[in-house]
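Please keep the sequence and the structure in view while reading.

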Amino acid sequence: MIQFNAADLVWLLPEIILFVTASAVVLLSVIVRPEARSGLAALAVIGALAAGWAAYGLSDGNVELFSRMVIVDPFATYFRYLFVLAVLGGVLLSVRTLQTEGGNRSEYYGLMLFAAIGMMVMAEAGDLLMVYIGLELMSLSLYILAGFYRRETRSNEAAIKYFILGTLASGIFVYGLSLLYGLTGTTSIRAIGEIVSAGGLSRPALVLALAMVGTAFAFKVAAVPFHMWTPDVYEGAPTPVTAFMSVGPKAAGFAVFLRVFLEAFPAAQPDWNNLVIVLSILTMAVGNIIAIAQTSVKRMLAYSSIGHAGYILIGLVGGTAVGAGAVLFYLLMYTITNLGAFGILVVLQREKGRVETLDDFAGLGKTHPAAALGMLIFLFSLTGIPPMAGFFGKFYLFTAAVKAGYVWLAVLGVLMSAVSAFYYLRVVLAMYMQEPAAAGAGEPMSQPSAVLAVTIAAFLTVGIGILLNPLLSLAAASLPKM
Amino acid sequence: MKFPILSLTTYIPLIGALYLLFMKEHEGMVRRLSLAVSLAALALSVLMLGHFDPKSAGFQFVENLEWAPSLGISYKMGVDGISVLFIVLTTVLTVLCVLVSWTQVKKYVREFHVALLVIESAMLGVFSALDLVLFYVFWEVMLIPMFLMIGIWGGPNRVYAAVKFFLYTLAGSVLMLIGIIVLYVHGGKTFDVAALLQVKFAAPVQFWVFLAFFVAFAVKVPMWPVHTWLPDAHTEAPTAGSVILAGILIKMGAYGFLRFSLPMFPDATVTFAPYILALSLVAIIYGALVTLVQTDLKKLIAYSSVSHMGFVTLGIFALNRQGIEGGIMQMVNHGIITGALFLLIGIIYERTHSREISAYGGIARSVPRYASFFVLFVLASLGLPGLNGFVGEFLVLLGAFQRDRIVGVLAMTGIILAAVYLLWMTQRVLFQEMTHPENEKLADIDTREFITLLPLAVLVVFLGVYPNPALSVMHASVDQMMAKMEAHKAAAITWAQAWPF
Amino acid sequence: MTRSVVLFRDLLIPILPLAAFLVNGLFGRWTREKAHWVSVPAVVLSFLLSLFVLKDVLSGVNTYASLYRWITVGAFDVSVGVMIDPLTAVMLIVVTSVSSLVHIYSIGYMHGDKGYARFFAYLSLFTFSMLMLVLSNNLLELFVFWEAVGLCSYLLIGHWYDRRSAADAATKAFVVNRVGDFGFGLGLLLIFVTLGTLDYQAVFLGAKAATNQTVDLLAPFGGKLDVGLVTLIALLLFAGAMGKSAQLPLHVWLPDAMEGPTPVSALIHAATMVTAGVYMVARMHPVFELSPSAMATVAVVGGGTAIFAATIGLVQNDIKRVVAYSTVSQLGYMFLACGIGAYGIAIFHLMTHAFFKGLLFLGAGSVIHALSGEQDIRKMGGLRNKIPATYLTFLIGSLSLAGVPLFAGFFSKDEILTRAFFAGDLGRVLWGVALLGALLTAFYAFRLVYLVFHGETRLLPDAAHHVHESPPVMTVPLWILAVLAVFSGWVGIPLIAGGDKIGHFLEPVFKGVAHVAHADIRLEFWLIAVSVIVALLGIAVADMFYRTRPAMPDKVASAWPRFYSLLLNKWWFDEIFDWAIVRPTRRISEAFLWKVADVRIIDAFVNGVGSVTQQAAASWRRIQTGLTQDYAMTVVLGLLAIVAVWLAAW
Amino acid sequence: MTIPLSWVLALSAVVFGIGVIGLLTRRNILILLMSLELILNAANINLVAFSNHLHSMRGNVIVVFTIAVAAAEAAVGLAILLALFRNRRTVNLDEVREMKG
């Protein structure tokens with residue numbers, strides 16, 4: 001039976017703070033006058049920071065709560081920081097755009113916070129049920145956020161697609177969960193791991209169950225063949241939501257992957273290892289190659305995020321501790337850079353038109369040098385060119401792959417990032433080497449909060465080299481117990 | 001030396017660039033500041049050269065800080081006989097680039113000088129990095145500003161050239177990244193070059209990592225057949241860009257061979273030496289023949305660089321003292337000469353806005369001082385004894401001849417071809433009748449341009465007449481490397497060893 | 001005087017012209033018309049100093065010193081140094097004397113030329129390089145100044161660079177010299193690789209020791225062709241000499257070099273630079289001595305070139321080109337002498353040739369100057385009394401060239417013929433060839449004299465009355481050279497006044513050479529008589545052709561039209577080279593290497609990789625149909641695929 | 001007579017199949033929502049069957065959660081559908097393909 005005592009709740013302080021803030025925001029949004037609603041954004045930011053601070057307070061904890069339903073260990077703490085960062089980025093980027101675009105209903109911030117809670121739950125889950133709850137909490141909030149510009153058909157389409165495919169994935173997950181429960185009699189990840197590694201279970205049923213369970217995370221992470229939703233949903237959703245969506249869920253997905261596949265199934269590693277390799281190669285290939293054919297920068301960034309999922313999968317190959325550390329570190333680099341990249345799209349948004357296609361970027365170097373420089377930093381970081389953060393992330397990943405003995409996979413990864421240079425470069429070309437479009441569509445709106453978020457992201461991306469060591473050791477320290 | 005001179009020299013340009021970036025836009029100030037910063041870097045590099053002890057073979061001015069111990073990465077800088085000359089060459093050429101861009105670059109002056117200074121920092125970093133990751137970081141950092149420099153301030157077809165340059169170099173160098181990581185894994189979990197130099201790597205590791213490094217360096221040198229980016233990049237780059245490209249960037253590839261490939265993988269070097277010699281020969285003769293028929297001045301000098309760099313790789317992989325020291329001297333000399341030639345083309349281009357040889361003819365009459373500089377550097381380029389081109393070339397030929405007579409003979413044809421294409425070009429540009437009347441009114445070089453060219457002219461003559469001081473700097477380091485190679489009794493790796501599966 | 005002061009004095013000889021070059025070169029704009037006040041005193045002073053050197057060497061004092069280490073890399077240690085011995089002394093005298101006279105002559109000839117300072121600067125640079133070439137004490141230093149003089153000839157030929165033909169000639173000269181230097185360079189490398197040093201003495205000792213070593217030329221190609229090491233070295237060095245001294249087939253550049261101003265032709269393309277090849281062979285005689293086959297090659301090439309150039313000289317119509325081909329021919333004689341071991345005689349002929357050929361060139365220059373630029377002898381004639389000084393000196397020069405007794409040419413050329421006669425059966429064949437050559441030489445020498453100075457003037461009326469005698473600054477050098485053209489020969493008279501002084505003077509240098517025994521006086525006397533008769537016969541035929549019966553040449557020419565056009569077009573050598581080498585290389589590199597290899601193959605591959613990925617992207621993009629249910633389908637199918645793959649239990 | 005476990009599993013598998021096939025083939029989004037519900041309920045059948053078979057209450061607890069989640073999903077799904085309908089006046093999924101490639 002699951003023991004429960006109130007004293008343990010203190011370990012979940014960050015989630016509680018977020019929950020309170022989210023509820024407050026949603027409630028206040030009904031009471032407060034529309035103009036003051038942006039004040040609620042400030043409340044959301046404060047809540048997120050408080051949660052972050054709380055997570056820091058609990059950072060030395062390594063405890064299993066509620067008979068291992070929830071595990072608060074350095075691994076979970078690391079992801080808490082990541083999700084706070086993601087939600088902060090999401091909120092800061094959305095303050096101004098919401099006022100002009102889709103009506104300023106402030107439950108938007110509430111939803112973002114709820115999604116963040118969902119992610120945290122997924123990262124801390126020690127039990128598949130908890131994983132499911134976290135997954136659903138996150139997904140549902142994101143379905144609504146994706147369709148937040150109700151009057152825009154693209155936003156609706158994004159929402160409906162995301163909803164249908166997302167629910168299908170979680171449906172398959174639950175079915176897999178039930179099979180797994182049937183086979184092992186428990187839903188605790190570690191217990192399942194022990195029973196499975198003890199062997200004696202019918203192989204086809206087990207494989208089917210595990211595959212079904214894995215689908216949800218592969219879907220969230222946007223690994224091939226479950227990646228089809230990403231381009232349409234990212235393009236359709238409001239840009240701040242896309243920014244949030246491209247970092248948060250992916251990290252959460254990988255968190256569960258690490259928790260389930262490295263912690264629970266170390267013995268079964270050779271079994272699913274080849275599978276991960278195939279997935280990684282396919283994801284990198286699809287992500288990077290189709291991106292070349294894109295004309296919309298936003299959609300290109302969507303495919304690029306698929307590609308990055310492929311790189312991260314390389315870290316999982318071989319199931320080594322170094323690999324896991326590399327995944328964690330890369331997720332941090334990826335979060336900062338992707339928030340920045342989408343942030344630039346948000347910052348450049350004008351009263352009338354949005355900046356999305358390559359032609360919108362033409363001549364940006366002349367018209368908005370700062371934004372162009374920012375985009376240049378983020379793009380080259382995504383390509384993996386030093387001194388940007390992306391390089392160190394990829395470097396750590398490829399070192400892990402080589403250490404695990406998969407030199408050829410590292411070579412493939414490196415070649416894929418060279419291919420990726422092709423489309424990232426095209427944006428830089430447009431910005432610096434083409435004349436600005438004749439009709440300057442007016443100055444972009446002043447968005448202090450978004451500019452702040454992007455500037456911080458830019459400095460972090462460029463300056464990562466300096467504080468490389470603390471981050472590397474943090475990532476290496478917060479590994480799931482092997 | 002008390003204070004960390006290497007880091008200081010490397011980062012002064014970077015700090016200058018950052019300051020320029022955030023300074024308010026004022027063209028005059030930008031140029032003067034950029035000149036001041038590059039001169040400071042030059043002063044520091046000369047100071048370092050002064051304090052450099054040619055007797056000791058090991059690394060000097062070593063700085064060692066922890067950067068990311070968990071991954072075995074350390075921030076280590078140092079310089080030895082092989083790399084010290086390149087550092088000074090870099091700072092010298094960069095100052096001249098700033099000078100030549102004084103009037104040529106009119107749009108985005110600030111961004112131009114930022115890019116130029118960042119490139120200088122990256123190049124200085126490459127030559128003084130003693131940690132593989134640090135080396136790779138500087139190696140790649142140089143890509144972005146160079147790409148922007150070609151792409152933004154370049155000639156008509158600059159976008160294609162910039163993209164080609166970027167992708168070509170990136171594709172080559174990413175394989176090196178994997179090579180570095182494999183070294184790390186097999187070399188005792190460290191990226192420190194000094195430590196890795198002591199490690200005896202197994203045959204397969206040597207074989208494959210040598211190939212990985214070779215791809216990156218061959219693209220950079222550029223060796224035939226991966227050279228086709230060079231003509232495009234050189235023709236489209238602005239004058240300063242071409243000077244940097246020809247003067248220093250293509251030397252990083254050959255420097256890489258000397259710093260990493262030869263000492264760390266002796267067996268693999270011996271295995272691949274014949275093939276690389278063959279490729280170098282092709283580069284020399286093929287490069288020269290193609291240079292013969294160029295109609296664009298810059299493209300002509302670019303293809304001649306392919307030929308001259310063929311001599312460098314020939315010297316290095318002749319694997320004897322004369323060859324290697326000849327290779328290094330040829331690199332330094334080629335940097336000076338080709339840098340000067342590109343400066344000259346830039347100067348005349350500024351006046352006539354045409355790079356086609358047919359647009360010129362008989363201009364020696366209207367620009368005598370320009371013509372005398374032009375002839376001086378052309379003679380140095382074709383290896384006239386008494387000027388610096390000859391010293392490097394002759395030593396390389398000597399080294400190659402010692403290793404294999406036929407290679408020596410074939411390479412020697414290079415000096416005839418060089419004379420043919422260079423003199424034929426000089427004749428069509430400077431001499432013959434004045435075909436275009438408007439060339440009559442060409443203005444001769446002014447004092448600023450004179451100051452830009454003078455140091456290179458002095459260097460060309462001084463290094464030609466009295467090259468020993470420059471040669472003596474590298475004796476100790478090269479001897480140490482050669483001794484290590486002989487002690488190791490490098491044996492060729494068979495395919496079976498390289499592919500144990 | 002102490003050793004170092006002597007050394008400094010000897011070093012002044014080359015340094016003075018160098019200083020003059022620097023002054024005129026750097027400050028040419030200020031010295032302008034007065035440039036000659038800088039370079040003429042410098043070279044005359046050098047001439048005086050070389051007289052002192054001659055006095056030292058006569059009293060048996062040779063100097064050998066190295067100044068500073070030029071390049072030291074491992075075993076390769078080369079330094080710049082000076083070596084003076086009788087051979088150097090002779091060369092110093094010849095170079096400085098002719099150079100001084102040419103400098104003085106140029107004051108008049110180049111008067112009013114806009115590149116006046118530049119001309120004198122390059123003349124001084126040339127003199128410096130030639131002097132250092134002669135003074136150098138190791139092969140690499142020789143090679144350095146070897147190319148330096150090549151550079152000066154390039155600059156001076158192209159002095160009037162705005163003329164397309166002059167620019168072409170300059171480039172051609174440098175490139176053909178470079179072809180020769182290709183061989184020379186390889187010789188250097190081979191010497192260093194096998195003998196380990198480049199210093200003269202050490203090379204000579206090393207060569208003696210390495211006589212039996214052979215080099216397998218076809219080793220890399222699997223074949224077997226053993227060639228004696230020393231022979232190979234000698235031949236490679238000779239290749240360099242052939243390039244520099246315009247021997248067959250690398251002679252093509254010398255006639256074109258006439259595009260340069262006439263003083264240049266006199267100094268560089270007659271007296272000094274072209275003789276550098278002979279000097280080098282003489283200097284390296286110990287190496288040549290060790291390889292009979294190399295000696296034979298030198299002799300044959302010399303003989304061949306002598307007769308070949310003489311035939312072309314018969315029909316040329318440009319006054320300077322006739323003299324140029326005569327130079328090529330006379331150089332052939334010098335190499336012939338070296339080939340049969342008579343190095344002393346070769347140097348003797350080099351000296352006399354320098355004087356009378358210099359005289360002929362300056363004379364021709366004076367004629368051109370008089371006719372204000374006209375060079376075609378068919379448009380001249382009857383200048384005898386209009387420019388008497390030029391005529392008389394030119395006549396002396398021609399007599400000396402033809403080998404008429406008592407003139408310098410006779411003694412040196414005759415000595416070569418006699419030595420050839422006694423040098424075995426190959427020597428005898430060469431003697432015959434040389435004799436025929438002497439006949440042709442006498443003929444074209446006097447053809448020139450008659451066409452230019454005798455007969456009625458074919459000048460255009462207005463040009464005729466412009467003809468004026470050259471100013472004294474030009475005629476005085478002519479007279480000095482005329483004197484030298486006569487008395488320089490007497491130094492080598494074999495029989496009277498204690499035997500041939502120059503032979504004895506050079507004896508110590510060539511002591512290793514096997515001495516050819518003179519059979520007997522009577523046979524030798526007959527040989528001299530034969531060569532005199534041949535010379536006079538040549539003059540007589542020329543007299544008959546061009547003075548008494550002027551119609552004769554056309555009749556003869558029309559009798560063998562193809563042979564005549566063959567000679568007129570210089571045996572089509574230029575055309576052959578152009579067709580065989582120049583045009584194919586250009587076509588290959590243009591059509592194939594650049595357009596096809598570089599652009600169509602490599603770049604196509606590079607761009608191809610780019611476009612292939614783009615096509616892949618475009619096609620893969622279509623999978624993304626936009627239909628949600630297609631996506632759902634891929635989810636389900638993907639799941640099934642994963643299960644299947646996983647079950648395959650890798 | 002107790003129904004053997006295998007039969008119940010078969011039933012759940014059939015229901016799951018119907019749900020998935022319904023999702024893939026039908027055009028009307030409402031029907032799609034229903035098929036999604038079917039998939040979830042198939043899982044519930046399984047859970048209850050196993051919980052009974054293993055005599056542990058864990059399965060039933062999970063079912064409670066899934067039902068709650070299903071309800072939430074239905075609400076969100078319908079909301080999104082409404083928004084789509086207000087803009088597009090259609091519930092046919094095939095017409096929702098503005099973004100592709």
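P222(B) sits in the loop between helix 9 (203–220) and helix 10 (229–236) of chain B, and in this predicted model the peptide bond that joins V221(B) to P222(B) is cis, with an omega of about -15 degrees. The loop between helix 9 and helix 10 of chain B also holds P225(B), and here again a cis peptide bond is found, this one joining W224(B) and P225(B) with omega at about 0 degrees.

H55(D) counts as exposed because it has 7 C-beta neighbours inside 10 Å.

Chain C can next be viewed as a whole. Its secondary structure comes to 27 helices and 4 strands, and its C-alpha atoms fill a box of roughly 120 × 65 × 55 Å along the principal axes. Of the 650 residues in chain C, 55% are buried, and among the contacts with a separation of 6 or more, 78% are between residues 24 or more positions apart. Helix 26 of chain C, which covers residues 573–621, bends by about 40 degrees at V596(C), and the buried residues of this helix are S589(C), L593(C), W594(C), D598(C) and A617(C).

Two packed helices are described by the angle between their axes and the distance between the axes.

| Helix pair in chain A | Angle | Axis distance |
|---|---|---|
| Helix 1 (residues 13–31) and helix 4 (residues 107–124) | about 160 degrees | 8 Å |
| Helix 13 (residues 321–347) and helix 20 (residues 468–477) | roughly 130 degrees | within 8 Å |

Helix 13 of chain A is therefore oblique to helix 20 of chain A, and their crossing is right-handed. Their contact is made by G325(A), L328(A), F329(A) and L332(A) on helix 13 of chain A, together with L471(A), L472(A), A475(A) and A476(A) on helix 20 of chain A. Sorted by class, the residues of this contact between helix 13 and helix 20 of chain A are 7 nonpolar and 1 polar, with no charged residues.

How are helix 1 and helix 4 of chain A oriented relative to each other? An angle over 145 degrees counts as roughly antiparallel, and so helix 1 and helix 4 of chain A are roughly antiparallel to each other. The crossing of helix 1 and helix 4 of chain A is left-handed. The residues of helix 1 of chain A that take part include L18(A), F19(A), A22(A) and V25(A), while those of helix 4 of chain A include L113(A), F114(A), I117(A) and M120(A). Taken together, the residues of this contact between helix 1 and helix 4 of chain A divide into 13 nonpolar, 3 polar and 2 charged.

The last topic is how the chains meet. Of the 5 pairs of chains that touch, chains B and C have the most contacts, with 42 residues of chain B in contact with 39 residues of chain C. On the side of chain B that touches chain C, the elements that give two or more residues are helix 12 (266–292), helix 14 (321–352), helix 16 (388–403), helix 17 (405–429) and helix 19 (468–488) of chain B. Helix 17 of chain B supplies the largest share of that side, 12 residues, and by class the side of chain B that touches chain C has 28 nonpolar, 10 polar and 4 charged residues.

Chain D meets chain A through 32 residues of chain D in contact with 32 residues of chain A. Helix 1 (5–25), helix 2 (29–53) and helix 3 (58–88) of chain D each give two or more residues to the side that touches chain A, and the largest share, 15 residues, comes from helix 3 of chain D. That side of chain D is made up of 22 nonpolar, 6 polar and 4 charged residues. Chain B and chain D, by contrast, do not touch, and their nearest C-alpha atoms are 25 Å apart.

Terms used:
Residues are numbered from 1 along each chain as its sequence is written. Chains are lettered from A and ligands numbered from 1 in the order in which they are written. This is a predicted model: local features need pLDDT of at least 70, side-chain atom pairs count only at pLDDT 80 or more; totals for chains, interfaces and linings use all residues. Two residues are in contact if their C-beta atoms, placed from the backbone, lie within 7 Å. Ala, Val, Leu, Ile, Met, Phe, Trp, Tyr, Cys and Pro count as nonpolar, Asp, Glu, Lys and Arg as charged, and the others, Gly among them, as polar. The bend at a residue is the angle between axes fitted to the seven residues ending there and the seven starting there. A residue is buried if 20 or more other C-beta atoms lie within 10 Å of its own, exposed if 12 or fewer, and partly exposed in between; C-beta atoms are placed from the backbone. Axes are lines fitted to C-alpha atoms, for helices over the stretch in contact, and angles run from 0 to 180 degrees between N-to-C directions. Angles under 35 degrees count as roughly parallel, over 145 as roughly antiparallel, 65 to 115 as roughly perpendicular and the rest as oblique. A crossing is left-handed if the near helix is turned anticlockwise from the far one by less than a right angle, and right-handed if clockwise.
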